[in-house]
Structure formats: C-alpha cells, structure tokens
Amino acid sequence: MPKQVILVRHAQSLGNAGMRTTNPTGNILTEYGRQQAEEFAATIKEAPDLISWSSYTRTMETAAPLARRFPEAKTEEWPDIQEFTYLDPSRCFNTTPEERKPWVDSYWNELNPHYTDGNGAESFADMIERARKLLRDVRERPENVIFIFTHGQFMEAIKILLEFPDADYAKLMRIFNEHDRGKKVANCEILRII
C-alpha cells in the first residue's frame, strides 16, 4: 500500500467564530466545531495507522472522533505542528480577532521573516523550519496512513514549501502573505502531502 500523509485543519474554534480567547493553546472548539469533527471522522473509510495532533486543544478535540472510530490506530501529540504564533501571546490575552487586527496588520506590513514579537511568539523563519522538519520526518515514519490534525497557517506553509522548496525565507513570507496567510484553509480541510 502506498504511503498516505493527510494534514487536516482543526474544526471551528472560538477564535474562528470571532470570539474572545485567552491564549493560543486553549482556543477550544465551538459546538459547531465539535459537530464538524464528528462529521469529518464519519467520512473516513480507511483505517489510519497513526493519528497525530498538535499540543493545541482544538486539534486534539478535532482528532478525537477519528481516534474513537478507529481505536486500533496509534495516537500521538506532535508539538512541532502547532499554529504559527507570531504575536506575543501575553498582549493578545482575552482579545478578539478584531481587536488584534492592528497588530496583525503591522506584523505583515513589515514582512521581516526573522522578527520575533515577544516571549511565546516565533519568527516566520522558525515556523518554516518546523514545516520543513515535518516534511522530512513523515517520510521516515513506518506507518502507511497518517492523519495529522494541525492548523491553517501551518498547512499553508507546507503547501508553499512543496511548491517553492528552494525559496529563501523572505520570498516564502511574501508568497505566504499573498496567499492570505492560511485564512483560506477551511476548518476540517485536508492536504495530502504524500
């Protein structure tokens, strides 16, 4: 059987619904998001060998119905596939996406791939290196069918790296920004990388 590696964006979270959140890791699914996760799991016909998720609650909640449906599948948390947190989480505490918009716009207007906004944030270059690591690591995994529950911006980074593997950080950041920074990756959308 040929190897299959499928990335899945988490279901609708509080932040996706425009609600106030306290930190990136605790942004949980909405009721609708839980329904989306159940519906997604019901569409999967072939049993996965491995189901993994980031350390963010919303990815674990999205993966849970698939893990229940296929209890024989191995399950793992993979911290390196978390969302791209480019703003300092302490200043974003208890804010809505609308309230963060000026900071987001300022960050993307600079297009500096090495800038880090503060404690708990990462640079664009750091996120790209996490994406490169995933692409290397999954090829070496022994499992044939792998589902990876992750985040829209991380999935967009993977897409861009697959299309432009030799581009430098500055070019990748420009392309990422032009592609709406992963905003067009729908909840529960999949990306097959192998």
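Analyst: The largest nonpolar core holds 35 residues, and those with the most contacts inside it are L7, W108, F124, L134, I148 and I158. At least two of its residues come from each of β1 (4-9), α3 (97-110), α4 (124-140), β4 (145-150), α5 (152-163) and α6 (169-178). The biggest contribution, seven residues, is that of α4. Another core lies apart from this one; it has 18 residues, including A11, A41, F147 and F149. A nonpolar core here is a set of buried Ala, Val, Leu, Ile, Met, Phe, Trp, Tyr and Cys residues joined through side-chain atoms within 4.5 Å. Buried stands for under 20% relative accessible area, exposed for over 50%, and partly exposed for what is in between, with a 1.4 Å probe and protein chains only. Helices (H or I, at least four residues) and strands (E, at least two) are DSSP runs numbered from the N terminus.

The model is predicted, and local features need pLDDT of at least 70, side-chain atom pairs count only at pLDDT 80 or more, while totals for chains, interfaces and linings use all residues. Residues are numbered from 1 along each chain as its sequence is written, and side-chain values use heavy atoms, with hydrogens and water left out.

W108 is buried, at a relative accessible area of 2%. Not counting residues up to four places away in sequence, W108 touches F84, Y86, F124, M173, F176, N177 and R181, where contact means heavy atoms within 4.5 Å. W108 also belongs to an aromatic cluster, together with F84, Y86, Y107, Y115, F124 and F176. The whole structure has 14 aromatic pairs. One of them joins Y86 and W108, edge-to-face, with 5.3 Å centre to centre and 80° between the planes. The two partners are 22 residues apart and come from distant parts of the chain, Y86 from the loop between β3 (74-77) and α3, W108 from helix α3. Rings of Phe, Tyr and Trp (its six-membered ring) pair if their centres lie within 6.5 Å; planes under 30 degrees apart are stacked, over 60 edge-to-face, and the rest tilted. Y86 counts as buried because its relative accessibility is 9%.

Y86 leads on to the largest pocket. E83, Y86, P97, R100 and Q153 lie nearest the centre of this pocket, among 28 lining residues. Both α3 and α5 give two or more residues to the lining, and α3 has the largest share, with five. By type, the lining divides into eight nonpolar, twelve polar and eight charged residues. Ala, Val, Leu, Ile, Met, Phe, Trp, Tyr, Cys and Pro count as nonpolar, Asp, Glu, Lys and Arg as charged, and the others, Gly among them, as polar. The space in the largest pocket is about 870 Å³. On a 1 Å grid over the protein atoms alone, a pocket is an open set of points where a 1.4 Å probe fits, with protein on both sides within 12 Å along at least five of seven lines, and lining residues have an atom within 4 Å of a point. Grid points are joined across faces, edges and corners, and the volume is the space filled by probe spheres set on the points.

R181, one of the residues touched by W108, is found in the loop between α6 and β5. R181 counts as buried because its relative accessible area is 14%. R181 is not a glycine, yet has a positive phi of about 55°. D180 is in the loop between α6 and β5 (190-192) and is partly exposed at 30% relative accessibility. Its C-alpha atom is 9.1 Å from that of E156, 24 residues away along the chain.

L111, in the loop between α3 and α4, has a positive phi as well, about 50°, although it is not a glycine. L111 is partly exposed, at 31%. Beyond its neighbours within four places in sequence, L111 contacts M173, R174 and N177; M173 and N177 are also touched by W108. From L111 to Y169 the C-alpha distance is 10.0 Å, across 58 residues of sequence.
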